[in-house]
Amino acid sequence: MIAAVRSSTVRPFGVDLIVENTAFGPSTTEEHIDICIEERVPVVVFFWNLPPNAWIARLHDASVKVWMTVGSVRQARAAVEAGIDALIAQGSEAGGHNKSSLELATLIPAVVDHVEGVPVIAAGGIADGRGVAAALALGADAVCVGTRLVASREAFAHEEYKRRIVNASVDDIARTAIFGPEWPDQPMKVVHNRVVAEWADRSEKTPANAEGNPIGNTMLFGQKYQMPKFSAVLPTPHTTGDFEEMCLAAGESAGLVRGIAPASEIIREMMEQAAEIIVGRLTNLVK
């Protein structure tokens with residue numbers, strides 16, 4: 001995958017690694033770190049839990065920048081103390097796995113105030129230039145965009161998944177922990193569908209030994225994978241099955257997504273709108 005990215009761009013890119021034990025075993029191992037170092041990737045971004053100090057040191061010794069996604073001020077401070085180069089502060093609005101209890105408007109200034117000199121990137125609920133301008137005004141140095149770019153032409157997501165994001169309103173996003181025989185009991189933001197509605201009153205944990213036929217088939221780690229009921233595996237173009245039973249990760253910004261477009265067009269329009277707000281509206285307000 002690193003080779004494929006390198007063949008497509010001369011720009012810097014990152015490798016995202018989840019630090020957690022799952023039903024498949026540790027999601028990140030020493031071998032992942034070895035490969036990132038051997039390939040001299042520009043950035044490694046850790047998610048969910050802080051990586052071992054030894055991994056951070058090894059990556060730094062290889063001139064690899066190390067970022068960390070955080071959902072609280074406590075986690076941000078621990079990451080900075082461990083030597084993390086930049087923080088992605090993920091608010092509770094963000095889609096997918098998300099354990100933050102703070103909205104971005106509170107989290108960003110709080111993190112910025114406690115990690116002076118460390119770049120802070122805002123994530124959660126940002127789908128247009130208004131969100132970019134707001135994040136910058138709160139003290140963020142940049143933004144991280146997820147849900148809006150799932151609904152892009154290039155995203156490796158199933159077309160039905162993209163369509164459901166486009167059709168979702170802000171009220172169609174639910175917080176639940178039902179998904180995940182592969183990684184149980186983890187809170188997620190997802191698009192509301194039948195299985196989410198059926199388990200709305202019992203959504204704090206992934207149901208144990210849940211009965212039911214497989215909900216679909218997909219490819220995982222290069223192999224065919226039969227998706228069990230409550231599977232947390234997201235649908236890709238390889239996926240077939242019942243989308244009313246699937247995990248459709250998305251944040252509250254899905255309600256701001258109006259259509260599927262090329263990623264370059266999404267980013268250009270987003271930044272043009274942000275510039276217009278910052279240079280025009282905000283400048284006029286403070287005159």
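Biologist: How do the residues lining the largest cavity divide into nonpolar, polar and charged?

Modeller: They split into three nonpolar, five polar and one charged. Ala, Val, Leu, Ile, Met, Phe, Trp, Tyr, Cys and Pro count as nonpolar, Asp, Glu, Lys and Arg as charged, and the others, including Gly, as polar. This is a predicted model, where local features need pLDDT of at least 70, side-chain atom pairs need 80 or more, and totals for chains, interfaces and linings use all residues. Residues are numbered from 1 along each chain as its sequence is written, and side-chain values use heavy atoms, without hydrogens and water.

Biologist: Which residues line the largest cavity?

Modeller: A cavity is a set of points on a 1 Å grid over the protein atoms alone where a 1.4 Å probe fits but cannot get out; a lining residue has an atom within 4 Å of a point. Here the lining is Phe47, Trp48, Thr69, Val70, Gly71, Gln75, Gln90, Lys99 and Ser100.

Biologist: How many cavities of 30 Å³ or more are there?

Modeller: One. The largest cavity holds about 50 Å³. Volume is the space filled by probe spheres set on points joined across faces, edges and corners.

Biologist: What volume has the second largest pocket?

Modeller: A pocket is an open set, with protein on both sides within 12 Å along at least five of seven lines. The volume here is about 210 Å³. Its lining includes Asp128, Arg130, Arg148, Arg258 and Glu269. By class, there are five nonpolar, two polar and five charged residues.

Biologist: Which element gives the most to that lining?

Modeller: H10, with four residues. Helices are DSSP runs (H or I, at least four residues), numbered from the N terminus.

Key. Helix = DSSP H or I, 4+ residues; strand = E, 2+ residues; numbered from the N terminus.
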